[in-house]
Every structure is written in C-alpha cells, then in structure tokens.
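Q: Could you take me through a structure feature by feature, giving the general idea before the particular case? I would like to begin with charged side chains.

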Amino acid sequence: MNKKELIAGVLLALVVAVLVIVGWMPWFNMIGLAGVVCLAIFFGKEALNRWIKVGVFILLVPLVFFVATYRPEGFSYPLLLSLTNETGSEPRFEMFVNFSKLLVGVCLLFLLWPRLRNCEFVASPRWQFLIALLAPALIVAIAIPVLGLRVQPKAMEHMLLFALVNLFVIALAEEAFMRLLLQQTLRNAAAGMTTNRWVQELLPLLLVTVIFVAIHAGLSGAAIWIYALAGFLYGLSYTLSKNVLYPITIHFLVNQIHFSLLTYPL
C-alpha cells in the first residue's frame, strides 16, 4: 500500500466511524465496506494470478452489491427530499442519502480506475463527445412517449437536493460498479481469450447491459426497454472512451432531466 492509499484509507475509516456513531450507516455495512476495500486493492494488482483474480472477482461483486443495498430492519438513511402528492397525503417520492452506496462507489472509483492497456480500443475524442452529447437527449426523447411522461417541473431547491444524491449516490456509485468492476473486467477477460476487437468490446457491453436491466428487476413493460437503452448507451460511452466520467455524466443528466422537468417517479 502506497502513501496515497494509506492516507485515503485513514480518511475513509474516520468518515465511516462518524457515520456509524451518528446512526447514518449500519454496522454490517461498515464491516462489508472494509472487505470491499481489501478485496478491491488485491483485485487491482496487475501481477495477480488469473485464477486468483477470478476468485477475488467472484467474492467482490456480491459483496459490493450487498454493501450498497443492504438495510437492516428499522434502519433508515437520512431523508434529504420528500415530495408530497397533490392531495397532501402519502409522499409520492422520498430520497434518502445511502452513505453505504456512496462510499462503496467512491472506493471502486479510487481503487479500480483503469490503466489503459496496449492496443486497447479508444475512439476519437469526437465520437466520445458525440455520444455524451446525444445519449441523454435520445434516452429522454424516447422515454417520454413510451412511458407516458408528462411535464412536471420541480422547485429549484428540490432540483439541487436531487442533484447531490443523483451525482454521488446514483450515477457515480452505479457506474463505478458497472463499468470499472464489471465491464472493464469482462473486457480484459475477453481480450485474454481472443484478439477479435468486436468480441472484446461488444460482448462485455451487452452482458453488462443485461445486468443493468436485471438490477432494476422491479420494472416491467416498456420501462425495461428504456432501461436497456439507457444501460447500453452508458456502456457504449465507456466502450468508446475507457473513461468512466462519460457514463457517470450521461447517467446523471438523464436522471436529472427526468426528475427536474418530467413526471417522477415512474
């Protein structure tokens, strides 16, 4: 462990300790997060034996998912935003700050940021920028008629509060998991089995798109196809750029436009 990782580890431990003490993060998640950090450091070692790396990957993926989603009975993360129904009865939408998901995303981003390999495909900056520019507009434009979304602008303070959670808890955490842990790892594995660039890039992209839809298993009907389109375009932006900031940006913009201007939630 180098000095940078040591300092980051100490800061992370302090932040997690404070969150647990004030009751904003479960004890189980704290223990799981420590396991994620240890496994991710080990997984990121380039010289690691292939089969050991496979074993670490098999342990790391479900542990990351557990830490990000587990919430013990009776525990609630801090409530940041609540939108009421027109009747003023039950809230139609509540947003909690899932610190476990946020921190696991930050850890993956910090520990698994990819080092570009020799001969790894990267599209020209023009194509990278084009997909980042067009993808949010395309997803929202198709979602409006397919899902029957209506114009429903929110108050500015609600937009800003949503933006904070959207960026760090949703877009950053989910894309760090999907692109750095899953898509890049599958891409590296495919590259070790074939020199066909289409297989190296397209197979991981399609597999992770299916996983993205499966994670949103509560969806049904047309919503599944919108999430499939979104997951594919998020992944495509990473395929073209090998830069996780592109899918994070697109994911953030799609969610933010949906919440700020349209019917939310679905």
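Q: In this predicted model, which residue does K242 meet in a salt bridge?

A: Side chains of opposite charge can pair when their charged atoms come close. Here the side chains of K242 and E201 meet in a salt bridge, with 3.0 Å from N to O. The pair links distant parts of the chain, since K242 sits in the loop between α8 and α9 while E201 belongs to helix α7 (residues 197–215), the two being 41 residues apart. K242 counts as buried because its relative accessible area is 10%, and E201, with a relative accessible area of 9%, is buried too.

Q: Which residues are joined with K242 into one network of salt bridges?

A: Salt bridges that share partners join E120, R187, E201 and K242 into one network.

Q: Which residues is E120 in contact with, once its neighbours within four places in sequence are left aside?

A: With those neighbours left aside, E120 is in contact with R115, Q184, R187 and K242. As for Q184, a polar contact of 3.0 Å joins its side chain to that of E120.

Q: How many salt bridges are there by this rule, and where do the partners E174 and K101 lie?

A: The count comes to 5 salt bridges. In one of them, the side chains of E174 and K101 meet at 2.9 Å, N to O, and this pair links distant parts of the chain, with E174 in helix α6 and K101 in helix α4, 73 residues apart. E174 is buried, with a relative accessible area of 17%, and K101 counts as buried at 17% relative accessibility.

Q: What should I look at in the backbone around K242 and P265?

A: Backbone torsions are the place to look. K242 has a positive phi of about 55° although it is not a glycine. The peptide bond from Y264 to P265 is cis, with omega near -5°, and P265 is found in the segment after α9 (245–261).

Q: How many residues does the largest nonpolar core have, and which of them have the most contacts inside it?

A: In soluble globular proteins, nonpolar side chains tend to be buried together. The largest nonpolar core of this model has 64 residues, and those with the most contacts inside it are L33, L60, V64, F93, L103, F177 and L181. Helix α6 (residues 156–191) gives the most to this core, with 13 residues. Apart from it lies another core, of 5 residues, among them V140, A143, L149 and L262. If its neighbours within four places in sequence are left aside, L33 is in contact with L12, V16, M25, V67, L103, V104 and C107.

Q: Which residues form a nonpolar patch on the surface?

A: The patch is formed by L6, I7, V10, L11 and L14, which together have about 470 Å² of accessible area. Of these residues, L11 lies in helix α1 (residues 3–21).

Q: Is S100 buried or exposed?

A: S100, which lies in helix α4 (residues 99–112), counts as buried because its relative accessibility is 0%. Leaving aside its neighbours within four places in sequence, S100 is in contact with M25, P26, N29, V67 and Y77.

Note on methods:
Residues numbered from 1 in each chain as written. Predicted model: local features only at pLDDT ≥ 70, side-chain atom pairs only at ≥ 80, totals over all residues. Heavy atoms only, no water. Patch = residues over 30% accessible without salt bridge, like charges linked within 9 Å, V, L, I, M, F, W, Y side chains within 5 Å. Areas by Shrake-Rupley, 256 points an atom, 1.4 Å probe, with all protein chains shown as cover. Salt bridge = Lys/Arg side-chain N within 4 Å of Asp/Glu carboxyl O. Helix = DSSP H or I, 4+ residues; strand = E, 2+ residues; numbered from the N terminus. Buried < 20%, exposed > 50% of the residue type's maximum accessible area, 1.4 Å probe, protein only. Contact = heavy atoms within 4.5 Å. Core = buried A, V, L, I, M, F, W, Y, C linked by side-chain atoms within 4.5 Å. Polar contact = N/O pair within 3.5 Å; in protein donor to acceptor, adjacent residues only side chain to side chain.
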